[in-house]
Amino acid sequence: MGSAMDERFHRRQRWAARGALAAAALAALLPLVSGGLRGLLLLVAGLAGLALTAAALWWVLSRRGAVRIASAALAVVAPAGLITAFAAANLLWVVVLSLLLWCGAVWSGRYALRSTGLRSVRVKEYRTPPPLRPFLLLNPRSGGGKVGKFNLQEKAESLGARVVLLDPDQHQDVTALARAAVADGADLLGVAGGDGTQALVAAVAAEHGLPFLVIAAGTRNHFAMDLGLDRDDPSTCLDALTDGVELRVDLGFADDRPFVNNASFGVYGAVVQSPGYREDKVGAALERLPELLTRQSGPRLTATADGTVVADPQAILVSNNAYRMDDPFGFGRRERLNSGRLGVLAVRVDSAVEAAELLLSPRPEGLTVLTAQRVVVDADEPQLEVGLDGEALTMPAPVHCRIARRALRVRVPRDRPGVPEAPPRLDWRRLRKLAAAVGRTAVPTRSRRS
């Protein structure tokens, strides 16, 4: 029975690989076959138009006044002109069909290279008894009022938790509140709030070896997303108080400041310092970016990641575990939170040509992606503006980033959505081997890391 099922699966793999190769070939040949030389010229014009659009977007971000307005117009006119040119040549249907064929090739190829269907990443779960004296901090303004909308205080108290509702009209030291709760006998700490607040309380929980509960009541909830929690209904996170398991995850530090997601230096770190950033993110960014991108203001940065030096980037992102970079649908996600390594993403763009390369090239020179256990970010100024889990801070240079491997015990509901596994990287050589196979062919199973 099992052998027959394996054979059927391998047969589907072979045909999926053949379909991927056929679709890719048709997508590449269709413009030439349908339009001949004219199709080839329009294809070249299309690539040039994409490069021009990328350059125009760079000018929009890095210039002001009339140049910005003209560049914005160019960013709209260039793709519109391409669409008009293809339509006039009666080749617009070719472009649409080619794109659909490429999408089919990618989907079919990934299916062929995946040993099983889409599944959640297997992270080791630890069964522990429910907490007896849980302590929760709830921010009523977080996420546009999710605490009140989902009745989080009432549900938490009904489950035996001690709840402190943060006062939105005055600053409260959540670290001090968490430490006081530990001194009072709390055996679990939890937060309903943004990732910056989550990180501060998580550090106290890690310091005392206590489990930590994440309640996805923030605006974006990136940490909750990468833990596989339900971000649409934060009340389900409270199920962990009665029916939960523990995960061991990493915790990042910039000097002595904890972060659960990332620390941003350079452009983003400076933009979040803008007075009007919270009310108008786009307007604040457009106001600051021209000087920052053209290096008229802001420090010159240098990052050293386990001995690798990244010189003079405009932006550096140091993350608690690496973000996915090879899947546009999973961009901004982390497949793991327990690798014990920081992710490093540095960007250096000094011209419109480099901006186009950054968007169009599969391996742009201006983009540095690596992992490290320690990262030192230095500057030619004594102070660095830092965005720490979205919170604006100023820290003395250099800033030493490190990761505490599996230092945080996160208690999550046993029944939760989970984190979908990243699709396999397209390997056309392996696809050719699969397509040419005539018997049972096994694709190496991706190891399940814990």
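A salt bridge here is a side-chain nitrogen of Lys or Arg within 4 Å of a carboxyl oxygen of Asp or Glu. This is a predicted model, in which local features need pLDDT of at least 70 and side-chain atom pairs count only at pLDDT 80 or more, while totals for chains, interfaces and linings use all residues. Residues are numbered from 1 along each chain as its sequence is written, and side-chain values use heavy atoms, with hydrogens and water left out.

**View 1. Glu125 and Arg416 pair up across the sequence.** Their side chains meet in a salt bridge, 2.9 Å from N to O. Glu125 sits in the loop between α3 (92–113) and β1 (134–138), and Arg416 in the loop between β16 (399–413) and α12 (428–436), so this pair ties together parts that are 291 residues apart in sequence. (Helices, H or I of at least four residues, and strands, E of at least two, are DSSP runs numbered from the N terminus.) Glu125 is partly exposed, at 37% relative accessibility; the cut-offs are under 20% relative accessible area for buried, over 50% for exposed and partly exposed in between, with a 1.4 Å probe and protein chains only.

**View 2. Glu207 and Arg179 link two helices.** The closest N and O atoms of this salt bridge are 2.9 Å apart. Glu207 belongs to helix α7 (residues 195–208) and Arg179 to helix α6 (residues 174–183), so parts 28 residues apart in sequence are tied together. Arg179 is partly exposed, with a relative accessible area of 38%.

**View 3. Glu246 bridges to Arg248.** Here the closest N and O atoms are 3.0 Å apart. Glu246 is buried at 2% relative accessibility, whereas Arg248 is partly exposed at 22%. Elsewhere, salt bridges with shared partners join Arg295, Arg300, Asp312, Arg348 and Asp350 into one network. The structure holds 16 salt bridges.

**View 4. Asp389 is buried without a salt bridge.** Look for Asp389 in the loop between β14 (383–388) and β15 (391–396). The nearest side chain of opposite charge, Arg334, is 6.7 Å away (Lys and Arg count as positive, Asp and Glu as negative; His and the chain ends are not counted). A polar atom of the Asp389 side chain does lie 2.8 Å from the backbone nitrogen of Val260. Beyond its neighbours within four places in sequence, Asp389 is in contact (heavy atoms within 4.5 Å) with residues including Asp195, Gly196, Phe259 and Asn262.

Notes:
Polar contact = N/O pair within 3.5 Å; in protein donor to acceptor, adjacent residues only side chain to side chain.
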